[in-house]
Amino acid sequence: MSPPQDPEDEQGGGDPPGDLRSVLVTSVLNLEPLDEDLFRGTHYWVPSTERLFGGQIVGQALVAAAKSVSEDVHVHSLHCYFVRTGDPKVPVLYQVERTRTGASFSVRFVKAVQHGRPIFICQASFQKAQPSPVQHQFSMPAVPPPEEVVGREDFIDQFLRDPELQERYRVGLNRIAAQEVPIEIKVVNPSTPSQLKKMEPKQMFWVRARGYIGEGDMKMHCCVAAYISDFAFLGTAMLPHHWKYKVGFMVSLDHSMWFHAPFRADHWMLYECESPWAGGSRGLVHGRLWRQDGVLAVSCAQEGVIRVKPWDSTSKL
């Protein structure tokens, strides 16, 4: 597949020379080869939960799988299960099994191991480019372009300036603001503090990798998108409920992605997230990553455990 084309390049909105190389490429998704189909990954960013970030494990696993296939095939889908909590204090070993190498499709199985036990398993399928007259897609939502949307830091600052903001939200926002993540986020149509009790299980934000990745290999853009796709994803299911309940435990159970069209993960993409269902201490979320020109690039789905406690719980003593 040729390098992904983006309308920003054609319009002169490409990458400035000398731009900082994305840490997602140089560090986060840069695996150390130990043997054939065996790699070691280290950690860059650990959430406040002090568990490994699921997007990092998915992204690194896809890097490992991609190293075992030929240059002329590209990932079109992956399906993952998180089976144990990741330990941020030790590296992760990624073991790749070459399940099938066919003329058009190749399948790879990846197992991530810590302390001698699997913490994550993944199947990734790769395909040679095959044109088809059968094509269709949904329409991209009409939203303001990223240039007109407030950045994550400014958005949080606006919330914190509101004197009516409840203290529990203030504490959470300060915690988020203190996190340094290798992606840029701009929330589309953010809610005001007065709207927090009427939120739907939907959110959209513009997102891109910090720094420069370049056209390069489409495989790397897919790996970066896998990292990005898990950020704030499962939290979509809590949007209608967070005013009444606080999260006691929230963790991903599985994660699936389908890659439809070439894209640049270091260019702004619209991440459209919605949760069609929650119940049984679980939540389901769907996501779509859109290029700025309206092309649907990636679809995602995830289910996770969500256990909550009432904010207004009182002591039984």
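**Entry 1: strands**

Two strands count as paired if DSSP finds at least two bridges between them; the strands (E, at least two residues) and helices (H or I, at least four) are DSSP runs numbered from the N terminus. The model is predicted, so local features need pLDDT of at least 70 and side-chain atom pairs pLDDT 80 or more, while totals for chains, interfaces and linings use all residues. Residues are numbered from 1 along each chain as its sequence is written, and side-chain values use heavy atoms, with hydrogens and water left out.

I began with strand E3 (residues 73-82), which pairs with E9 in the antiparallel sense over 5 bridges. Here Cys80 sits opposite His255 of E9. I then followed strand E9 (245-259) to strand E12 (residues 296-310), and found an antiparallel pairing over 13 bridges. Ser256 faces Ala301 of E12 there.

Back at E3, I checked its link to E6: the two run antiparallel and 9 bridges join them. His74 is placed opposite Gln127 of E6. E6 also pairs with strand E5 (residues 105-114), again antiparallel, over 10 bridges. In that pairing Ser106 stands across from Phe126 of E6. E5 and E6 make a hairpin with 2 residues between them, and His115 in the turn has a positive phi of about 55°.

**Entry 2: aromatic pairs**

How many aromatic pairs does the count come to? I got 5 aromatic pairs, where ring centres of Phe, Tyr and Trp (its six-membered ring) must lie within 6.5 Å, and planes under 30 degrees apart are stacked, over 60 edge-to-face, the rest tilted. Phe53 and Phe231 form one that is edge-to-face, at 6.3 Å centre to centre with 75° between the planes. This pair links distant parts of the chain, 178 residues apart: Phe53 is in the loop between strand E2 (38-41) and helix H3 (54-66), and Phe231 in the loop between H6 and E9.

Are these two buried or exposed? Phe53 is buried, at 7% relative accessible area, and Phe231 is buried too, at 11% (buried is under 20%, exposed over 50%, partly exposed in between, with a 1.4 Å probe and protein chains only). Phe53 and Phe231 also belong to one aromatic cluster with Tyr227.

I looked next at Phe205 and Tyr271, whose ring centres are 5.5 Å apart with planes at 85°, so this pair is edge-to-face. Phe205 lies in strand E8 and Tyr271 in strand E10 (residues 269-279), so the contact ties together parts 66 residues apart in sequence. Phe205 is buried at 3% relative accessibility, and Tyr271 is buried at 0%.

**Entry 3: helices**

I looked at H3 for cover: 13 of its 13 residues are buried, so the helix is largely enclosed by the rest of the structure. H6 is mostly covered, with 11 of its 12 residues buried. Among the buried residues of H6 are Met218, His221, Cys222, Tyr227 and Ser229.

I searched the whole structure for cavities and found 1 of 30 Å³ or more; a cavity is a set of points on a 1 Å grid over the protein atoms alone where a 1.4 Å probe fits but cannot get out, and a pocket is an open set with protein on both sides within 12 Å along at least five of seven lines. The largest cavity holds about 40 Å³ of space, the space filled by probe spheres set on grid points joined across faces, edges and corners.

Which residues line the largest cavity? The lining is Val207, Arg208, Ala225, Ile228, Ala265, His267, Met269 and Leu289, each with an atom within 4 Å of a point. Strand E8 (202-209) and helix H6 (218-229) are the elements that give two or more residues to it. By class I get 6 nonpolar, 1 polar and 1 charged (Ala, Val, Leu, Ile, Met, Phe, Trp, Tyr, Cys and Pro are nonpolar, Asp, Glu, Lys and Arg charged, the others, Gly among them, polar).

I also noted the second largest pocket, with about 840 Å³ of space. It has 23 lining residues, and the closest to its centre are Gln130, Gln135, Phe259, His260 and Ala261. The elements that give two or more residues to this lining are E3, strand E6 (117-128), H6 and E12. E3 supplies the largest share, 3 residues. The classes in this pocket's lining are 12 nonpolar, 10 polar and 1 charged.
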